[in-house]
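Here are my notes on this model, point by point. Please read them with the coordinates open.

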Amino acid sequence: MMDIFIFDGRRIEFRPGQSVGAALVNVGMRSWRRTRLTGRPRGIFCGIGVCFDCLVEIDGTPNQRACLIPARAGMVVRRQEGDGHGHLTV
Amino acid sequence: MATSRYDVAVIGAGPGGLAGAAAAVRAGASVALIDSASQPGGQYWRHPSGDYAAVADLHQGTAAYRSLVRRAAPAAWFLQHQVWTIEREKNSFVVRAMADGVEVEIAAAALVLAPGAFDRQVPFPGWDLPGVYTAGGAQALLKGHQVLAGRRIAVGGTGPFLLPVAAGLSARGAEVVGVFEANSPRRWVRQARSVLPVVGKLAEGAGYAATLLRHRVPYRVRHAVVAAHGTDSLAAVTVARLDAHWRVIAGSERVIDCDAIAVGWGFTPQLELPLALGCETRADVDGSLVVCVDDLQQSSVESVYVAGEACGVGGAQLAVLEGSIAGRAAAGDAARAISSRQRRRRRALRAFAAVMHEVHSLRDGWQSWLSDDTVVCRCEEVPAREIRAAVGELGALDARSAKRFTRAGMGWCQGRVCGHSTGRIAATAAGRSFDPLGLAGPSIASPVPLGLLARAQAAHHLTTER
Amino acid sequence: MTRPDVVVIGAGIVGAACAWFATRAGLRVTVVDRGAVAGGTTGAGEGNLLVSDKPPGPELQLAQLSARLWSELAQEIRGFEYEPKGGLVVAATPASLDGLVALAEAQRRAGVDVRAVASDELADYEPWLSRKLLGGAFYPQDAQVQPMLAAARLLRSARMAGAEVRLGVEVGALLRDGDRVTGVRTGTGDIAAAAVVNAAGVWGGEIAGMAGVKVPILPRRGFILVTEPLPPVVRHKVYAAEYVADVASSGAGLQTSPVVEGTPSGPVLIGSSRERVGFDRTLSVPVLRALAAQAIELFPVLAEVVMIRAYHGFRPYCPDHLPVIGADPRAPGLLHAGGHEGAGIGLAAATGLLVAQVLSGGATDMDLSPFRPERFG
């Protein structure tokens, strides 16, 4: 039986030990972030925590490396726009 | 609260670090073994947490891995501990790591640094499209998470590492449309004298080649993926034949549909920790910045030993050998730290690595694949044009000054991905030779939340203390 | 190559300004640097153009002249992110508020534009500022530039007007005729000139030594923390009133006082620390901790923000905290332009103008005697 986390309202199955990013790739997702300057889509690139391309919001904290963070049941993962700190804009 | 204190702290639980910890344990030292991952093995022996068997068929040296883990077991293991810096104090070192949002401090009289390496990249048009992976990234998805990066995959770049990546993807059911090796490995033959003493390494390559043959994967030398196409993710690549300088041979381009590519151009050692400690560095034959070490793997900083890729990219066997020497020396057993047999073996493996770097070196022609607006720095989205203009118009001379003018390398990854290519582009534009020393500067090894940094008293991890 | 009138040693911000003003004054200028443009302290700075942190005196006069010149240069040259955003100095204790009020009053009498800010008005300036602060002062004349671009644009403009810039060329000795300095000896040949300007920053003392004169310019290390890119969370340059006292102190030990500012590219920069530890290039964790803690005291929201980089620079520092500007009577033909400590970007424009005026033999816009190179005895 597979566990599930939520990505933008969608249920994502994962195997214990898989990272958030690996689970997303496994269901066919390629990108979950847009860059802050030109809005380009990004997902996993280096897969080992070096490049920071796969940044995503996890349980309310932006800029988490999806390739490193182990998926956990019930996590709420959200697509990230730009610097991920839009809530600080006054 | 007291800090945990050890005779030796080993940073990195890949081949070099495991060997270092095992050797230091054997020499009677109290040892801390620290790694950011949740399981040992590093990139080379990467596997799903707690389930090596699931991917054992994708690995070489499984017996060695299991033996090292067993022999390193008496050490205090600090897994999922991300080291952000190491401080040098009077007679010891303080390793500062983060785990579960708190800071952990681990003191040791000596250090073995085995930080490993990551894929070196060169930019090409479209390389920031989702679906373009580093070779190590595709490999990590497969070996660490049992996930295929795509269904139809091209593998490209240069170096022997492309073979296991392509073989692993094929073995797990991906259609590998080709392995595109930009250099010509026939040149290995000319170096037979350096290669023969470590012929086992060739057998390893032959095994992967057999797998590729079985899956009918084409292996094309003097070919490269020179552009990636797609709107929101990768749909196709342009593959072209290259001349000896890696310029595209006109008319040889063809477009291949695929949903993923895995590219790698050798490796870049992780040098943040040695640099923060002030270890002397040099440029290796492959153009990487590496740490200078002596016969016992000791750096220019007393009691700081370094093993594996950080001393020069040379593969897992060399890392294990260097780790064993470093671990024993760090434990204070300098007299017996190295045997003449180990010394000979290390020399042979280093010679083999030197040939590998020569055969699979980067040729500057890749710069001709870039258009003016090809992104070089993915984090700060800096195009090639701006790096060239920083040299021509603003007075940059090297990677360091080009970076500060253009912000290439100033983003989240701190130039780990683009630093080498920014340096090469700047050097070409300035008409100077490339020097990776320009990339060196002490900084932190990992991002740190300011709130965590500000809490003056570090928390301590009591559960893992001896 | 025609013989230049002036050789400027150093392609940092001060050398660039000297070259630009000297070229504009009609002199033939050659700039030499052993590295790239802005490869030393200029590249490590935040790019502050401040009047707020200077009590009345010769340095404030220099800063006021410089502030005018920078706004003109921003019009004339462009391309270096000149931002007249203003500085906000804040006080957390009654004593520091009293000190700030007194300083502001003295500065006002010296012609500085400064406005008192009550504690309940602080949020209008900086919405994320701590609510615990007692008040502050706003300095609309404080500005910021991207310092490397400023140096590069000044040099480029000078080059277009005929100056020569030679990078990767190291000065190994000064050419001398008795006490007189007649040019420089470099790795790629001698360059004879009627005058040599020493704008070598923290290495200025070594250049002076080549002429047999002593100018005590020492390195004073400072760290800067760089955060991840953020929306405009910090709008002005914001610092604590204690900063002014720290800058003026002469202690060798570590001092830290919070200075926080945003950048057009997104990251927030956090300073400031000063310590005299020679050219020690290792990372200092206690300094990073102190800077982070103090920045969070000013802007609590920063606690959840991530530092992605920390780096250091070496301020060129003179024992009396004043720069060295002008001709050196002990070595005719040699001029100095250095020792600006942490204010080099801000003071560069005025320094360049004054050096050009000395080189041209005309009157100077300011009395240079407080900055005379031989004052240290």
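**Notes on the interfaces, sheets and local geometry**

1. Strand 22 (residues 448-449) of chain B and strand 17 of chain C run antiparallel and are joined by 2 bridges. Strands pair here if DSSP finds at least two bridges between them. Helices (H or I, at least four residues) and strands (E, at least two) are DSSP runs, numbered from the N terminus. B:Pro449 stands opposite C:Val306, a residue of strand 17 of chain C.

2. Some ground rules. This is a predicted model, in which local features need pLDDT of at least 70 and side-chain atom pairs count only at pLDDT 80 or more, while totals for chains, interfaces and linings use all residues. Residues are numbered from 1 along each chain as its sequence is written, chains are lettered from A and ligands numbered from 1 in the order in which they are written, and side-chain values use heavy atoms, with hydrogens and water left out.

3. How much area do chain C and chain B bury between them? About 3200 Å², with 64% of it on carbon and sulfur atoms. Buried area is the accessible area (1.4 Å probe) that two parts lose on being put together, summed over both. C:Arg289, C:Met307 and C:Ile308 supply 21% of the area that chain C buries against chain B, more than any other three residues. The contact (heavy atoms within 4.5 Å) takes 43 residues from chain C and 37 residues from chain B.

4. The rule finds 1 salt bridge across it; the term means a side-chain nitrogen of Lys or Arg within 4 Å of a carboxyl oxygen of Asp or Glu. B:Glu103 forms a salt bridge with C:Arg289, with the closest N and O atoms 2.6 Å apart. There are 11 residue pairs in polar contact between chain C and chain B, both residues at pLDDT 80 or more. A polar contact is a pair of N or O atoms within 3.5 Å; within protein, one must be able to donate a hydrogen and the other to accept it, and residues adjacent in sequence count only if both atoms are side-chain atoms.

5. Which elements build the side of chain C that touches chain B? Helix 5 (147-160), strand 13 (218-229), strand 16 (267-274), helix 8 (285-298) and strand 17 (306-317) of chain C each supply at least two residues. Helix 8 of chain C gives the largest share, 7 residues. By class, this side of chain C has 26 nonpolar, 10 polar and 7 charged residues. Ala, Val, Leu, Ile, Met, Phe, Trp, Tyr, Cys and Pro count as nonpolar, Asp, Glu, Lys and Arg as charged, and the others, Gly among them, as polar.

6. Next, the A/C interface. Here 8 residues of chain A are in contact with 11 residues of chain C. Chain A and chain C bury about 860 Å² between them, 59% of it on carbon and sulfur atoms. A:His85, A:Leu88 and A:Val90 supply 59% of the area that chain A buries against chain C, more than any other three residues. Polar contacts between chain A and chain C come to 5 residue pairs, both residues at pLDDT 80 or more. The side of chain A that touches chain C has 2 nonpolar, 4 polar and 2 charged residues.

7. Chain A has an open sheet of 3 strands in the order 4-3-8, with mixed pairing. Strand 4 (41-42) and strand 8 (80-81) of chain A stand at the edges with a single partner strand each, so one side of each is left without a neighbour in the sheet. Strand 3 (residues 33-34) and strand 4 of chain A run antiparallel, joined by 2 bridges.

8. In chain C, 6 strands form an open sheet in the order 8-2-1-12-19-18, and the pairing is mixed. Strand 8 (164-167) and strand 18 (324-327) of chain C are the edge strands. Strand 2 (residues 29-33) and strand 8 of chain C pair in the parallel sense over 4 bridges. C:Asp33 stands opposite C:Leu167 in strand 8 of chain C.

9. Two local checks remain. A cis peptide bond joins C:Gly271 and C:Ser272, with omega about -5°. C:Ser272 is found in strand 16 of chain C. B:Gln146 is not a glycine, yet has a positive phi of about 55°. Most residues other than glycine have a negative phi, and most peptide bonds are trans.
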